[in-house]
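Reader: Hi, I'm new to this one. Can you walk me through it?
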Amino acid sequence: MSSTIETKPRFEAPSECSDPPPSPDEFSARQFLSPHLSEALAIDARQLFAVIWVAGTFLVSNYLPLPSGPLWGDIAYGNALRHGASLDEQDPFVAFVEGVPHVATNSLSQRLLSLLSEFSNPEVYSHVTAILTCLSASLMLLSFWWRSRSLGVSLAALLLLTTLSVVTPRIAGAADLGWLMLSVSFVLFANFERHLLSEKNSLVSKRVLIEVIATAILFSVWANLHVSFLFGLIFVGAMALGTAIDQTIASRSPASIWRNRECLGWILLADAAILGALCNPAGMDLLLQEFGLLRFFDLGNGLDAAPVVANTWSALPIAVMGFLAMLLLRLSRQPLRTADGLMTAGLFLMASFNVHSLVWTLPVLTYVFLPHLADVTERWISKTAVPLIQPAYHLFHQKSFHLSLIAGLVVWVAFTLSPMSRLVMGGKGRTPEQYLRGDIPLAATNELIEHPPQGILATTSEWSDWLISQGPPELKVLSTSQTERFAPLQLRRDTVALMQGRGDTHHLLERYRIHAVLVDLNSSPRLYEELKELKAWRRSYEDPQAALFVRSLEPIDDDETGVSDLDENASPEDGHEVSE
């Protein structure tokens, strides 16, 4: 038995409008009171997600604890430079590199970071790191957008880059300024490439010349901030050489390079980058040292460049990136330019020398393969995804002022939840245990401030950087992260051998006239056991993280310890003693 039930709507629309039309005065008043917003302020769902991502990056970066390492060494050397110290004449913290030229790229960043030391609380460096990270993420996303012409693809690439960078070591300080300069260079290169493709009337336009001048200024600043400027030079050099090779093959005439707008533009950009990079205190010596020795990658143990080992987590990002690159090249219809091949080969070769280069190799490779990722994604969406999610697809591209208001709320909430908001809104600041990473020896630092050593202190380079910045004044250490890049090879090897307990501990302590040793109990258990066995040393302090040994007697004769005589006039490079 079936029956039909007749339903009628709960509300029926009136046959005619119940409200009378507004009078001319009311109409003008409503028009006057209604807001007039520019359409440029409206955003879509993709742009809202980008705002959420950048705000989240700022919030997370502000909460990440500051690591030990080069940040604190840069602060200490920056303070010395600001007070008139000449590093080429005498190192203020390491006695055994006196007279060795300090060919470094971070003199400007050291001075900038040292200015922040005027604040009594080192937490300010956490706020600066969060701001620089937020700016770098925003500029990199913008450059990815211009490069791929797809905001969704750019967000996916940035997410992949962030995921792969998790297993790479985090180095704060001058490296954050290097990230900012790399992001600015991506924006400049993407904009430069757009102008080369859009303006084809003149060989060199006024806009291209302006960007060439901007590139020279960028690299002159970048070369004095951080060594990552080398990756910018590799990029523009590969683009100039690759476009020249393509043009020569296509026209079968090398002379056509100077008549091709794209070739001439990249050659001018490469020349401007090189001339700008030469504007540093060391001049050409800086480029020769960093390109020739690649010692700037070694920030971990003071040894020469260590090869990538396939069974370590450090090799995972480059393996994933290599697999994705081959997959994209197989599926993409975009042509592979010679410049892209040269750049990829150079970056993979550089990564094979040392895993620390992965921090800078990954973003450059991501930028290079973005057009291929955009091509594959666009074809997949048009054939597979759009028919399934057609309504949602249009929703993501629909702009609304309501989404703009939500974006503003997200930015405000991220700021109020961050520790940086206490500078504006008040509140209790974080303790050093909260904004510093757990590998920093805070308790041992207080012990050294109360009882400073009378001579040279030997410890790891990361702890040395921390102690010369936040420890007792006028402290002398065996090595720092800066000096290990250009110190004599024997000194670097002996420092690592001493800290790891892999050599004759007494022999090394006597060679460099060490008066105190701060042992990391987590990384140097062998050194701890050996120092306990030496009669001339006593343990003056110990906590679960570190132990401090000081010399209790005068250096005893070599005949009593079995240590052979040392040559007083030899240098550390010869493996002999160097007097203070």
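Reader: Which helix do Trp412 and Phe415 lie in?
Author: Both lie in helix 17 (residues 401-417), three residues apart, about one turn of the helix. Helices here are DSSP runs of H or I with at least four residues, numbered from the N terminus. Keep in mind that this is a predicted model: local features need pLDDT of at least 70, side-chain atom pairs count only at pLDDT 80 or more, and totals for chains, interfaces and linings use all residues. Residues are numbered from 1 along each chain as its sequence is written, and side-chain values use heavy atoms, with hydrogens and water left out.
Reader: OK, how many aromatic pairs are there in the whole structure?
Author: A search finds 14. Trp412 and Phe415 form one that is tilted, at 6.2 Å centre to centre and 40° between the planes. Rings of Phe, Tyr and Trp (its six-membered ring) pair if their centres lie within 6.5 Å; planes under 30 degrees apart are stacked, over 60 edge-to-face, the rest tilted.
Reader: Which residues do ring pairs link into a cluster?
Author: Phe144, Phe186, Phe189, Phe192, Phe235, Trp266 and Tyr367.
Reader: And what sits over the ring of Tyr367?
Author: The charged end of Arg147, 4.9 Å from the ring centre. That call needs NZ of Lys or CZ of Arg within 6 Å of the ring centre and within 35 degrees of the ring normal. Arg194 likewise has its charged end over the ring of Trp146, 4.6 Å from the centre.
Reader: New topic: what follows helix 5?
Author: Arg149, whose phi is positive, near 60°.

Note on methods:
Helices (H or I, at least four residues) and strands (E, at least two) are DSSP runs, numbered from the N terminus.
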